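Work through the two exercises below with the structure open beside you. Try each task before reading its solution.

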Amino acid sequence: MRVLGIETSCDETGIALYDSEAGILADALYSQVELHAEYGGVVPELASRDHIRKVIPLIREVLDRAQCTPQQIDAIAYTAGPGLVGALMVGAAVAKSLAFAWGVPSFPVHHMEGHLLAPMLEDPAPSAPFVALLVSGGHTQLVNVKAIGDYEILGESLDDAAGEAFDKTAKMLGLGYPGGPRLAARAETGNPQRFKFPRPMCDRPGLQFSFSGLKTFCLNTKEACEQSPTGLTEQDVADICWAFQDAVVETLAIKCRRALQQTGVKQLVIAGGVSANLRLRERLQEVVAKLGAQVFYPQLRYCTDNGAMIAYAGYQRVLAGAVPDLNVQVRARWPMSELKAEA
Ligand code: KG4
Ligand code: ZN
């Protein structure tokens, strides 16, 4: 079976073709980073217009590269939420129109379920039950995955998502957009001994997160540096980046350990944009090793938004018996807890 995946929930147009025998046959990604950089963040209206410009050429490119004709496609999967509504509508409209024209079914996919299942494209792949840490620009969640579609949210962020905290802190430190990867790169030249930031909500039981206070901690530290005789130096910025990243990574690691202990599950999956963070990967590797568990993550290009995860999640839904429905409306907000396993 071949499934075409279309992702347009935010600032990346991602297209991929998944084949149930051969895996991903081809995928293409267009990032709008340069378009939004001068505004310091994603401008929704510009995002929608740019998806319109890119989505059809990228679909053509993927089909050409895979040497696949429309007649060889069995289904189309598209991100139906959560995300920017205008951006989602572009992908949904194109998916439904092509499905209608080609006479194939189309399936809505939950963006975070796409991230969640992305590690299953790798070898070795995790298999349910597993605990997933979803860390993206909009979400920080620990999920107990009992089966595909059967998700128990164990904990989530009460305020900023981990990626959002990276982005806001980077912006505050003048590192520009997109902040996460830039802050992580600057942290590499930071002095680990200089500052130690708190690990929010780790001193009490539970699996909830809160990252907004860390941002304030960074701001106060930055202002103290600015008032010193040397002013804010490049080294100060790098040292703050290190302390911030260390606090986020350690907090996520502590909660992952708790979630594995609490559930007794031996597989941990990390996915979403922040799972590209190499320090986080290293730290979680240590945590699971001590628990005799295993950690799985997507390859770097499938950590951030992409079409492959949508094609694959769509395939899993088809396999489980999902019924196509052309009347589905896209949703800006769509709690993952509302997802159900197919009957
Ligand atoms: O999953 P994603 O591409 O989009 C959403 O669904 O939100 O995640 C994007 C987020 C951004 O906040 C970005 O700064 C963060 O992932 N990110 C990183 C790294 N690469 C991307 N954060 C920390 N370290 C990284 N290496
Ligand atoms: Zn995402």
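The exercises treat a predicted model, taking the ligand site and then the sheet.

**Exercise 1.** Describe the surroundings of ligand 1.

*Solution.* 
Step 1. Start with the shell: 18 residues surround ligand 1, and the closest include His115 and Asn277.
Step 2. Sort the shell by class. Five residues are nonpolar, eleven are polar and two are charged.
Step 3. Look for the helices that contribute. Helix 4 (111-117), helix 5 (162-172) and helix 6 (179-187) each supply at least two shell residues.
Step 4. List polar contacts, using a cut-off of 3.5 Å between N or O atoms. An oxygen atom of ligand 1 lies 2.6 Å from a side-chain N or O atom of Asp167. Polar backbone atoms also take part: the distance to an oxygen atom of the ligand is 2.8 Å for Gly137 and 3.0 Å for Gly180.
Step 5. Consider the surface. Ligand 1 taken alone exposes 550 Å², and the protein buries 86% of that.

**Exercise 2.** In what order do the five strands of the open sheet lie, and which helices pack on them?

*Solution.* 
Step 1. The strand order is 3-2-1-4-5, with mixed pairing.
Step 2. Find the edges: strand 3 (23-31) and strand 5 (106-110) each pair on one side only.
Step 3. From one strand to the next, the twist averages 20 degrees.
Step 4. Examine one pair. Strand 4 (residues 75-81) runs parallel to strand 5, joined by five bridges; Tyr78 stands opposite Pro108 in strand 5.
Step 5. Helix 3 (residues 85-102) touches strand 1 (2-7), strand 4 and strand 5, and its direction makes about 160 degrees with that of strand 4. Helix 10 (residues 307-319) lies across strands 1, 2, 3, 4 and 5, at about 130 degrees to strand 1.

Methods:
Residues numbered from 1 in each chain as written. Chains lettered and ligands numbered in written order. Predicted model: local features only at pLDDT ≥ 70, side-chain atom pairs only at ≥ 80, totals over all residues. Heavy atoms only, no water. Near = heavy atom within 4 Å. Polar contact = N/O pair within 3.5 Å; in protein donor to acceptor, adjacent residues only side chain to side chain. Areas by Shrake-Rupley, 256 points an atom, 1.4 Å probe, with all protein chains shown as cover. Helix = DSSP H or I, 4+ residues; strand = E, 2+ residues; numbered from the N terminus. Nonpolar A, V, L, I, M, F, W, Y, C, P; charged D, E, K, R; others polar. Pairing = 2+ DSSP bridges. Axes fitted to C-alpha atoms, helices over the stretch in contact; angles between N-to-C directions. Contact = heavy atoms within 4.5 Å.
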